[in-house]
Number of protein chains: 2
Amino acid sequence: MVTLSEENYLKAIYHLAKQENASVSTNAIAQKMRTKASSATDMIKKLSDKGHVEYQKYKGVKLTEKGRLAAVSVIRKHRLWEVFLVKKLNFSWDEVHEVAEQLEHIKSDKLTQQLDAFLEYPKEDPHGDSIPDADGNFYPTKKVLLAQINKNQSCICVGVKDSTTDFLQYLDKHNIALGTKIKVISKESFDESMTLKINNTELAISKEVAHNLFVKIN
Amino acid sequence: MVTLSEENYLKAIYHLAKQENASVSTNAIAQKMRTKASSATDMIKKLSDKGHVEYQKYKGVKLTEKGRLAAVSVIRKHRLWEVFLVKKLNFSWDEVHEVAEQLEHIKSDKLTQQLDAFLEYPKEDPHGDSIPDADGNFYPTKKVLLAQINKNQSCICVGVKDSTTDFLQYLDKHNIALGTKIKVISKESFDESMTLKINNTELAISKEVAHNLFVKIN
DNA sequence: TTTAAATTTTAGACAAGACTAAAAATTTAT
DNA sequence: ATAAATTTTTAGTCTTGTCTAAAATTTAAA
């Protein structure tokens with residue numbers, strides 16, 4: 001049996017390891033969990049005792065296969081619930097996360113399985129992130145930064161990287177929301193700025209914007 | 001903020017008070033919560049401090065209006081989720097309770113509201129129990145014991161009173177399940193036994209069965 | 001390479017929720 | 001009405017997950 005808190009730590013470690021692709025430091029875990037390093041150390045010991053992580057003092061942790069599967073199971077549930085909230089309950093993109101953080105901990109294999117079927121086996125969540133299958137396998141995601149899109153290509157806005165209030169307000173002002181179709185009209189190589197077409201309106205954006213907006217092709 | 005454990009105690013007190021319609025004893029609460037009287041006392045003090053119950057040492061507790069609303073909110077969520085599980089995810093009657101016990105604690109007014117709308121504002125859960133509205137008001141339920149049904153009247157099985165394994169197996173053997181249509185063919189007044197028609201088959205049942213099966217008219 | 005800075009771990013404490021054992025109050029029975 | 005039985009509360013302990021302060025280790029710098 002894995003507790004709610006353990007699940008949250010495993011998820012945090014999973015997300016941190018993905019970027020660094022190495023062992024995750026105690027401090028990094030503490031920061032992500034908004035807690036203190038000493039608390040993280042305590043939990044690391046518990047996870048290690050239960051075989052969810054490999055741990056060497058002062059050397060950080062790595063998820064074991066068992067730990068990885070536990071983390072992925074939580075992520076799978078989180079993303080399925082996000083699809084449910086957006087597709088069936090008319091939630092908007094900025095409202096789903098908090099609720100999905102709660103729903104992801106519900107323990108019932110049948111529930112997860114039936115929810116997946118009810119949603120017709122979605123491959124991606126509303127943010128364009130891949131939903132792992134019941135065995136923990138991911139399909140490759142089509143989510144990239146807007147900066148990666150080529151001239152004349154079209155894409156759909158699926159999320160933001162850093163969600164500062166300022167940036168979200170900027171998006172609102174220019175009618176960019178989750179699901180908005182964006183076509184790249186031109187790209188300036190000297191400052192990496194772009195011109196976009198959104199709802200038949202042209203919009204010039206800076207490098208900063210292009211690197212803070214996630215889109216998916218198709 | 002009301003904790004998960006507090007919610008479960010409030011729910012227990014609510015259900016106990018409904019039957020007795022008086023103050024609820026510490027022992028009764030402990031039994032329902034499958035815990036010890038001393039633990040119940042501890043929690044009662046917490047609930048009293050927070051204004052959810054009126055408490056006098058050795059005299060039991062009564063829910064305040066605040067406590068009642070908190071309990072009813074949990075019951076509302078529980079029953080809405082049960083409808084969801086049965087209607088949308090093809091759960092059967094004996095599978096929903098355990099999962100709904102988890103889902104009932106998810107905190108999001110918008111979620112509850114939207115779920116209610118998605119299910120088209122159901123008035124009853126799959127067991128025939130009334131679903132309170134957002135203000136905590138109940139509509140009268142049509143759920144009664146099979147023993148209350150008159151000769152030649154039809155009804156639908158919506159639940160059992162005491163769910164012993166023996167009784168559930170008895171129901172299985174005679175093809176009585178959630179949703180089964182039952183017509184009362186005759187009633188014997190001397191022993192309160194009945195003859196039923198189920199799927200064009202007649203079945204004689206004892207007083208004990210008639211008093212342990214919940215049905216709803218229509 | 002030895003000191004300074006940063007990171008990590010340990011030790012001890014705390015709150016929530018539960019438990020056991022024993023004391024206090026209430027109820028029941030004689 | 002008083003003794004016996006039951007119920008309820010108190011006191012003290014335990015576990016989980018958190019914290020602070022201090023000690024140990026590793027990393028960076030001079």
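Let me start with the surface near DNA strand D, whose residues divide into five nonpolar, eleven polar and five charged, where Ala, Val, Leu, Ile, Met, Phe, Trp, Tyr, Cys and Pro count as nonpolar, Asp, Glu, Lys and Arg as charged, and the others, Gly among them, as polar. Please keep in mind that this is a predicted model, in which local features need pLDDT of at least 70 and side-chain atom pairs count only at pLDDT 80 or more, while totals for chains, interfaces and linings use all residues. Residues are numbered from 1 along each chain as its sequence is written, and chains are lettered from A and ligands numbered from 1 in the order in which they are written.

In total, 21 residues surround DNA strand D, and the closest are Thr3(A), Ser38(A), Ser25(B), Asn27(B) and Ser38(B); a residue is near a strand or molecule if its C-beta atom, placed from the backbone, lies within 6 Å of it. Two or more residues of this surface come from each of helix 1 (4–20) and helix 3 of chain A, and helix 2 (26–32) and helix 3 of chain B, with helix 3 of chain A giving the most, five residues. Helices here are DSSP runs of H or I with at least four residues, and strands are runs of E with at least two, numbered from the N terminus.

Turning to DNA strand C, 20 residues lie around it, and Ser25(A), Asn27(A), Ser38(A), Thr3(B) and Ser38(B) come nearest. At least two residues each are supplied by helix 2 (26–32) and helix 3 (37–49) of chain A and by helix 1 (4–20) and helix 3 (37–49) of chain B, and helix 3 of chain B gives the most, with five residues. By class, the surface near DNA strand C has four nonpolar, eleven polar and five charged residues.

Between the protein chains, 15 residues of chain B are in contact with 15 residues of chain A, contact being C-beta atoms, placed from the backbone, within 7 Å. On the chain B side, helix 6 of chain B gives the most, with five residues, and the class division there is seven nonpolar, four polar and four charged.

Finally, in chain B, strand 4 (residues 154–160) and strand 5 (residues 181–187) pair in the antiparallel sense over three bridges, pairing requiring at least two DSSP bridges, and Cys155(B) stands opposite Ile182(B) in strand 5. Strand 5 of chain B also pairs antiparallel with strand 6 (residues 194–198) over four bridges, and Lys183(B) stands opposite Lys197(B).

Methods
Contact = placed C-beta atoms within 7 Å.
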